[in-house]
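Dear colleague,

Please find below the structure that I am handing over to you. My notes on what was found in it follow directly after.

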Amino acid sequence: MKDSRAVLVLAGIVAVQTAVGYFQHRERVQLDLGLGHQQLVGAESVNPQVDEARKADLRANRSLAFIGLKHRLRVMGLDELRVNLKEVAKATIQKDYWQRHGHFRRAEADASGSRALRVFVTELGLAHEVENRPTNFDPTVA
């Protein structure tokens, strides 16, 4: 009886270690990809051969990617994400970026199957909708 319990306990420990290792590996891959993206976009945004409109898009994308990475790695909670996105949505560069690429970001999030990406893009869209409402907007009037 003691041997079977010991085997079960050992199997449970191995299963937990395997699961923890898997999630740590996924987080490390996301971090590596995110940092690589930041470096590539940063290098491209200072390239003198790139036109100003493209540089603006790259700067906007870089800041959104950084916030998104922090959210996916659970460094930033949902409330903090909302605060950051509302602040980002105020910038003209971000408004232009969202107007040009928002439809693509939504389609990308829907196709990805990633809950974290869908939440991020949904919150980003909401932040832009709130920021771009007319100043005389009254939500109680239909």
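Leaving out residues up to four places away in sequence, W98 touches R105, R106, V121, L124, G125 and H128. Please bear in mind throughout that this is a predicted model. W98 lies in helix α4 and counts as buried, because its relative accessibility is 10% and the cut-off for burial is under 20%. The C-alpha atoms of W98 and G68 are separated by 15 Å, and these two residues are 30 positions apart along the chain.

Helix α4 spans residues 92-112 and also holds Q94. Q94 is buried as well, at 3% relative accessibility. Beyond its neighbours up to four places away in sequence, Q94 touches A60, S63, L64, V88 and H128.

The packing of α2 with α4

Helices α2 and α4 pack with their axes 9 Å apart, at an angle of about 75°. The two helices are therefore roughly perpendicular to each other. On the α2 side, the contact is made by A53, A56, D57, R59, A60, N61, S63 and L64, and on the α4 side by I93, Q94, Y97, R100, H101 and R105. Sorted by class, the residues of this contact are six nonpolar, four polar and four charged.

Within this contact, D57 may be of interest to you. D57 is found in helix α2 and is buried, with a relative accessible area of 9%. The side chains of D57 and H101 are joined by a polar contact of 2.9 Å. Apart from neighbours within four places in sequence, D57 is in contact with Y97, R100 and H101.

The packing of α2 with α3

Helix α2 also packs with α3, at an angle of about 175° and with the axes 11 Å apart. That angle makes α2 roughly antiparallel to α3. The residues that form the contact are L64, I67 and H71 of α2, together with L81, N84, L85 and V88 of α3. Five of these residues are nonpolar and two are polar, while none is charged.

I67 takes part in this contact. Leaving aside neighbours within four places in sequence, I67 is in contact with M76, L81, N84, L85, V88 and F120.

In soluble globular proteins, nonpolar side chains tend to be buried together. In this model, the largest nonpolar core has 16 residues, and the members that touch the most other members are L64, I67, L81, L85, F120, V121 and L124. Two or more residues of this core come from each of α2 (52-72), α3 (78-89), α4 and α5 (115-131). Helix α5 gives the most, with five residues.

The loop between α2 and α3

One last residue deserves a mention. R74 is placed in the loop between α2 and α3. At 62% relative accessibility, R74 counts as exposed, because the cut-off is over 50%. Most residues other than glycine have a negative phi. R74, however, is not a glycine and has a positive phi of about 60°.

With kind regards

Methods:
Residues are numbered from 1 along each chain as its sequence is written. This is a predicted model: local features need pLDDT of at least 70, side-chain atom pairs count only at pLDDT 80 or more; totals for chains, interfaces and linings use all residues. Side-chain values use heavy atoms; hydrogens and water are left out. Helices (H or I, at least four residues) and strands (E, at least two) are DSSP runs, numbered from the N terminus. Buried means under 20% relative accessible area, exposed over 50%, partly exposed in between (1.4 Å probe, protein chains only). Contact means heavy atoms within 4.5 Å. A nonpolar core is a set of buried Ala, Val, Leu, Ile, Met, Phe, Trp, Tyr and Cys residues joined through side-chain atoms within 4.5 Å. Axes are lines fitted to C-alpha atoms, for helices over the stretch in contact, and angles run from 0 to 180 degrees between N-to-C directions. Angles under 35 degrees count as roughly parallel, over 145 as roughly antiparallel, 65 to 115 as roughly perpendicular and the rest as oblique. Ala, Val, Leu, Ile, Met, Phe, Trp, Tyr, Cys and Pro count as nonpolar, Asp, Glu, Lys and Arg as charged, and the others, Gly among them, as polar. A polar contact is a pair of N or O atoms within 3.5 Å; within protein, one must be able to donate a hydrogen and the other to accept it, and residues adjacent in sequence count only if both atoms are side-chain atoms.
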